[in-house]
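Subject: Structure handover

Dear colleague,

Please find below the structure that I promised to pass on to you.

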Amino acid sequence: MLGMLSVTQAQSAPTSAVADAMARSLSSAFAACGATPALNVPLSLAAADLLNGYELDAALKRQKFRPHDFSSFSMTYHGDVAWVKAQIRGQCGKMVGFKAFGLALDGTRLQVILATEARVDLSQSQRWMTAFLDATNRARFQGQKCGGKLMNAVPPLKWDPRLAGAAARHAGDMVQLNFRGHVNPTDSSTPQRRAAALGFVGAVGENIAYGPITAQEAVQELLTSPGHCENLMDPDWTLFGGSVNNGKPDTLFSTYWVQVFGMERR
């Protein structure tokens, strides 16, 4: 954890203008230190939790921010953003290496969290997709209770590159366009249309998990949702394609895992 910057100044209530100015000032101070973390909403909410008495680990977990590395600092201030900027620039060595920051203030206190979000190593995508298919088939082999519905064990799925291509397109689009869901808001494409565009003829289904770091975590998250669980356990599916993509500092989620199921029509 970074050292406490503890110069006490007079109290005043923060305004949105002060908060905006503070965020800009922090970004400028970080840049002067050679760091370029982006303002992050979940981290800002976690910073607010710290002001409300939460421990740092609990605040990050509460806001579903999974860090690879993180730190925080606080200071008492009176709304003088130039003074805050000077304090930050006096501790440059502690600011470098983080990709995102969160900011909260309550009139007398400023709380900042610096972090680098946990990511999927996309250079190992083949390994992750093997694990994704294996975890999916393991769940199908075991049978599941999807909400209140018991689902019997069903046959394993086989990898299909066309469905994988459809999954990769959608995972990439969700990151680039910063949306969640099964329908692309720009071109209105659906899972069926995305698979058909790659030559797949037949029925298609899709599951999406937001935020997990491993394939096993993604499948477990989907199994806790009755609708996603039933889709994963559908005995009609015979083929599978998957993809994962990392989000960006300004996206809704840190990771996007997509499963596309298919039953080819011959």
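The UniProt record, in an unreviewed entry, lists "domain: SCP" for residues 133-261; positions from that record are given in the numbering used here, feature names are shortened, and annotations may be inferred rather than shown by experiment. The end C-alpha atoms of residues 133-261 lie 11 Å apart, and the span is 38% helix and 25% strand, where helices (H or I, at least four residues) and strands (E, at least two) are DSSP runs numbered from the N terminus.

Please bear in mind that this is a predicted model, in which local features need pLDDT of at least 70 and side-chain atom pairs count only at pLDDT 80 or more, while totals for chains, interfaces and linings use all residues. Residues are numbered from 1 along each chain as its sequence is written, and side-chain values use heavy atoms, with hydrogens and water left out.

Let me turn to the nonpolar cores. A nonpolar core is a set of buried Ala, Val, Leu, Ile, Met, Phe, Trp, Tyr and Cys residues joined through side-chain atoms within 4.5 Å, and buried means under 20% relative accessible area, with exposed being over 50% and partly exposed in between (1.4 Å probe, protein chains only). The largest nonpolar core has 26 residues, of which F132, V219, L232, M233 and W257 touch the most other members. Two or more residues come from each of α5 (125-142), α8 (215-223), α9 (226-232), β9 (239-246) and β10 (255-264), and the element that gives the most is α5, with 7 residues. Another core, of 20 residues, lies apart from this one and includes A29, M75, M95 and F101.

If residues up to four places away in sequence are not counted, F132 touches A215, A218, V219, F240, G242, S243, W257, V258 and Q259, where contact means heavy atoms within 4.5 Å. Counted in the same way, V219 touches F132, A135, T136, A139, L232 and Q259. N137 also lies in helix α5 and is buried as well, at a relative accessible area of 15%; leaving aside its neighbours within four places in sequence, N137 is in contact with P156 and L157.

C33 lies in the loop between α1 (16-32) and β1 (38-39), and C92 in the loop between α4 (81-89) and β3 (100-105), so the pair ties together parts that are 59 residues apart in sequence. C33 counts as buried at 13% relative accessibility, whereas C92 is partly exposed, with a relative accessible area of 24%.

A disulfide also joins C146 to C229, S to S 2.0 Å. Because C146 lies in strand β5 (residues 144-146) and C229 in helix α9, this pair ties together parts that are 83 residues apart in sequence. C146 is buried at 1% relative accessible area, and C229 is buried at 0%.

With best wishes

Technical notes. Disulfide = S-S within 2.5 Å.
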